[in-house]
Amino acid sequence: TELTVFFGDWCSDSQREVPRLLALIGALPPQQVKLTLINLPRDKAARSGLVGNITLERIPTIIISQHGKELGRIVERPTTTLASDWLALLP
């Protein structure tokens, strides 16, 4: 599984969710997850739009992929928990 996380170190939602995500990943077997963290500056994240070729609405945005194909996203906060929302997106 590949996770790409767009966050802002200035953003309260990112400050809450990114450490939770890192703790969750830390509990998994080694090399189970490929993680890419992208810290966005306040001005870039403040406007909706493209970051590279990825459209973002809010941060944090956690994009879950397998074999380069996006399976889904967790945007701003999970619906239930990070673990259950992530598992629900896996095939």
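This is a predicted model: local features need pLDDT of at least 70, side-chain atom pairs count only at pLDDT 80 or more; totals for chains, interfaces and linings use all residues.

Colleague: Fine. Which way do β1 and β2 run when they pair?

Modeller: β1 and β2 are parallel, joined by 6 bridges. Strands here are DSSP runs (E, at least two residues), helices are runs of H or I with at least four residues, and both are numbered from the N terminus. Two strands pair if DSSP finds at least two bridges between them. As an example, Leu 3 has Leu 35 in β2 as its bridge partner.

Colleague: And how do β1 and β5 pair?

Modeller: Antiparallel, over 5 bridges. Phe 6 is opposite Thr 61 in β5. β5 also pairs with β6, again in the antiparallel sense, over 6 bridges, and there Ile 64 has Gly 72 of β6 as its partner.

Colleague: Why do you call β1 largely enclosed?

Modeller: Because 5 of the 6 residues of β1 are buried. Buried means under 20% relative accessible area, exposed is over 50%, and partly exposed is in between (1.4 Å probe, protein chains only). For β5, 5 of the 6 residues are buried too, so that strand is largely enclosed by the rest of the structure.

Colleague: Which other residue has a positive phi without being a glycine?

Modeller: Glu 76, with phi near 70°. Glu 76 sits in the loop between β6 and α3 and is partly exposed, at 26% relative accessible area. Most residues other than glycine have a negative phi, and most peptide bonds are trans.

Colleague: Speaking of peptide bonds, where is the cis one?

Modeller: Between Ile 59 and Pro 60, with omega about 0°. Pro 60 is in the loop between β4 (54–56) and β5.

Colleague: Switching to α3. Which of its residues are buried?

Modeller: In α3 (residues 82–89), Leu 82, Asp 85 and Trp 86 are buried. Looking down the axis of α3, the buried residues fall within an arc of 100°, so they line one face of the helix. That arc is taken from the directions from the helix axis to the C-beta atoms.

Colleague: What covers them, and what's on the other face?

Modeller: The cover on the buried residues of α3 includes β1 (2–7), α1, β5 (61–66) and β6 (69–75), where contact means heavy atoms within 4.5 Å. On the face of α3 turned away from the buried side are the exposed residues Leu 87 and Ala 88.

Colleague: Okay, charges. How many salt bridges are there?

Modeller: The count is 6, a salt bridge being a side-chain nitrogen of Lys or Arg within 4 Å of a carboxyl oxygen of Asp or Glu. One of them joins Asp 13 and Arg 16, at 3.0 Å from N to O.

Colleague: Where are Asp 13 and Arg 16 relative to each other in α1?

Modeller: They are 3 residues apart in helix α1 (residues 12–26), so about one helical turn separates them. Asp 13 is buried, at 12% relative accessible area, whereas Arg 16 is partly exposed, at 24%.

Colleague: And Glu 17, buried or exposed?

Modeller: Buried, at 4% relative accessibility. Glu 17 forms a salt bridge with Arg 20, with the closest N and O atoms 3.5 Å apart. Arg 20 is partly exposed, at 48%.

Colleague: Which salt bridge does Arg 73 make?

Modeller: Arg 73 pairs with Glu 70, the closest N and O atoms being 2.8 Å apart. Salt bridges that share partners also join Asp 13, Arg 16, Glu 17, Arg 20 and Arg 77 into one network.

Terms used. Residues are numbered from 1 along each chain as its sequence is written. Side-chain values use heavy atoms; hydrogens and water are left out.
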